Amino acid sequence: MNDAFGSPQSILVLGAGSDIAAATVRLLVRQRARTFVLAGRKPERFQAVAEELRSLGATTVELRDLDALDTSSHEDFVDEVFASGEDIDLVLMAFGVHGARGDAQLEHDGALDVIRTNYVGAMSVLLSVTKRLVAQGHGSMVVLSSVAGERGRKKNLVYGSSKAGLDVFCEGLAAWLRGSGVRLMVVRPGFVRTKMTAGFDAPPLATTPERVAAAIVDGLHRRTEVVWVPPPMRWVMSALRHLPRSVFRRLEI
Ligand SMILES: NC(=O)c1ccc[n+]([C@@H]2O[C@H](COP(=O)([O-])OP(=O)(O)OC[C@H]3O[C@@H](n4cnc5c(N)ncnc54)[C@H](OP(=O)(O)O)[C@@H]3O)[C@@H](O)[C@H]2O)c1
């Protein structure tokens, strides 16, 4: 259960190798979170994060295998996590791939891999997690969406469409969850300097994993449903959404 200050005590991270996820768990352990289940497809990549959490006061840090693409394993994975210990207060959904850029985006296998990871895989785990959290009667889900899902852009049309699908699913799921004791917060960062964007030119308003983590924790305390990082992205995307398509297409963004 969340502690007396409303901070989550036990956390499940889906995609624990993510730089944004690592920054978020570092912040949560400083706010007295004590139990962590870190899941991802290559646990050796977040072994160091696990050690850090232990050194900062975490009492239990468990590492588990999870492949977003292996949807047939998700139900069992979630059942095992929820059966193995105390209630889960917070589930952070952080896995994702950007995929190729430029014309290579339209390469068939690569494009499907992005959709299968960011949309199908994310939705598959979320369906199982939702069932468990609702049975538990409390808990929060935080899902990393993106401003890329706001409008179709030629530079990231496959990635953007995967995040648009995920974001709409989450918006509907948040509405469906009302009254269940479970809530869902969608996070829409702009450009964040992480492994995913290494080598990309950083645009204005580019931010850091630590700022995204701070916005997530702040959003949880304020019980917000949608978090934009940095906050002005909300107004930038609102303006872009209302531009006529003929003008929007000409922008090199
Ligand atoms: N960086 C940005 O500008 C930005 C902006 C908006 C939203 N986001 C979203 O924020 C989330 C975290 O991104 P990040 O920037 O922290 O990127 P990151 O450091 O590259 O982390 C992405 C993580 O996803 C994992 N992953 C990829 N495919 C997987 C699969 N099939 N099964 C399990 N895990 C898988 C990766 O695992 P491996 O280590 O095994 O590859 C990696 O740990 C993503 O959903 C991303 O789309 C990022």
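Visitor: What makes β2, helix α2 and β3 a right-handed β-α-β unit?

Guide: In this predicted model, the chain runs from β2 through helix α2 (residues 47-55) to β3. A crossover is called right-handed if, with the strands pointing away from the viewer, the path over the helix runs clockwise. The unit of β2, α2 and β3 is right-handed, so its path runs clockwise in that view.

Visitor: How do you know that β2 and β3 pair?

Guide: Pairing takes at least two bridges between two strands. Six bridges join β2 to β3, so they pair, and they run parallel. One example is V37, whose bridge partner in β3 is E62.

Visitor: And what joins β2 to β1?

Guide: Five bridges join β1 (residues 10-14) to β2 (residues 35-40), so these parallel strands pair by the cut-off of at least two. Here I11 has F36 as its bridge partner in β2.

Visitor: Why is β2 described as largely enclosed?

Guide: A residue is buried if 20 or more other C-beta atoms lie within 10 Å of its own. Six of the six residues of β2 are buried, so the rest of the structure largely encloses this strand. T35, V37 and A39 point one way, while F36, L38 and G40 point the other way. Coming into β2, the chain crosses from β1 through α1, and that crossover is right-handed too.

Visitor: Why is β3 called an edge strand?

Guide: The open sheet has seven strands in the order β3-β2-β1-β4-β5-β6-β7. β3 (60-65) and β7 (226-229) each pair on one side only, and these are the edge strands.

Note on methods:
Residues numbered from 1 in each chain as written. Predicted model: local features only at pLDDT ≥ 70, side-chain atom pairs only at ≥ 80, totals over all residues. Helix = DSSP H or I, 4+ residues; strand = E, 2+ residues; numbered from the N terminus. Buried ≥ 20, exposed ≤ 12 C-beta atoms within 10 Å, placed from the backbone.
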